[in-house]
Amino acid sequence: MSSMSADADFATYCSELLAPAGQVRSKRMFGGYGLYIDDLFVAIIVGDALYLKADEQSQQRFQEAGSRRFEYTRQGKQQRMGFWTVPDQAMDSPALMRPWMQLAIDAALRARARTRRP
């Protein structure tokens, strides 16, 4: 099995975890995937990790759960994005993922509201 199909399998699994929250769509991006629920950008998959969208109102919940922030190096500088891993047990079932998914949906809705202000 190639790593590409393993990545695709993991993206499918993550989509299934998020499915109770709405219509999930995945899109290839920067060597991973972006996940959308009902056209809200809520998650990214990089390697074997799912990162959910968080903002100043929700990132503390992720920090307290021991989550890791998505970071990468660009032009020699460390870049930090507003996406965090979920607790390991949340990866076990849609029911355990649901509260974390709700945090991501809420953060995405707040981000959308900010960009739509006149």
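Throughout these legends, a residue is called buried under 20% relative accessible area, exposed over 50% and partly exposed in between, with a 1.4 Å probe and protein chains only. The model is a predicted one, in which local features need pLDDT of at least 70 and side-chain atom pairs count only at pLDDT 80 or more, while totals for chains, interfaces and linings use all residues. Residues are numbered from 1 along each chain as its sequence is written, and side-chain values use heavy atoms, with hydrogens and water left out.

**View 1. Aspartate 39 in the loop between strands E2 and E3.**
Aspartate 39 lies in the loop that runs between strand E2 (32-37) and strand E3 (40-46), where strands (E, at least two residues) and helices (H or I, at least four) are DSSP runs numbered from the N terminus. With a relative accessible area of 55%, aspartate 39 is exposed. Its phi is positive, at about 70°, although the residue is not a glycine.

**View 2. Glutamine 75 in the loop between strands E5 and E6.**
Glutamine 75 is placed in the loop between strand E5 (69-74) and strand E6 (77-85), and its relative accessibility of 77% makes it count as exposed. Glutamine 75, a residue other than glycine, has a positive phi near 50°.

Lysine 53 belongs to strand E4 (residues 49-53) and, at 18% relative accessibility, counts as buried. When its neighbours within four places in sequence are left aside, lysine 53 is in contact (heavy atoms within 4.5 Å) with Phe41, Val42, Phe62, Gly82, Phe83, Leu103, Ala104, Ala107, Ala108 and Ala111. Tyrosine 13 is 40 residues away from lysine 53 along the chain, and the C-alpha atoms of the two are separated by 18 Å.

**View 3. Proline 20 between helix H1 and strand E1.**
Proline 20 sits in the loop between helix H1 (3-18) and strand E1 (24-29), and it is partly exposed, with a relative accessible area of 48%. Not counting residues up to four places away in sequence, proline 20 touches Pro94 and Arg98. From proline 20 to arginine 80 the separation is 60 residues in sequence and 29 Å in space, C-alpha to C-alpha.

**View 4. The largest pocket and its lining.**
The largest pocket has a volume of about 190 Å³, and among its 14 lining residues the closest to the centre are Arg68, Thr85, Val86, Pro87 and Asp88. On a 1 Å grid over the protein atoms alone, a pocket is an open set of points where a 1.4 Å probe fits, with protein on both sides within 12 Å along at least five of seven lines, and lining residues have an atom within 4 Å of a point. The lining divides into 7 nonpolar, 4 polar and 3 charged residues.

**View 5. The protein chain as the setting for the close-ups.**
The protein chain has 3 helices and 6 strands, which from the N terminus on run α-β-β-β-β-α-β-β-α. Its radius of gyration is 14 Å, close to the 13 Å that the globule rule gives for 118 residues, so the chain is as compact as a globular protein of that length; the radius is taken over C-alpha atoms, and the rule is 2.2 Å times the number of residues to the power 0.38. Of the 118 residues, 41% count as buried. Of the contacts with a separation of 6 or more, 48% involve residues 24 or more positions apart.

Terms used. Points joined across faces, edges and corners; volume = space filled by probe spheres on them. Nonpolar A, V, L, I, M, F, W, Y, C, P; charged D, E, K, R; others polar.
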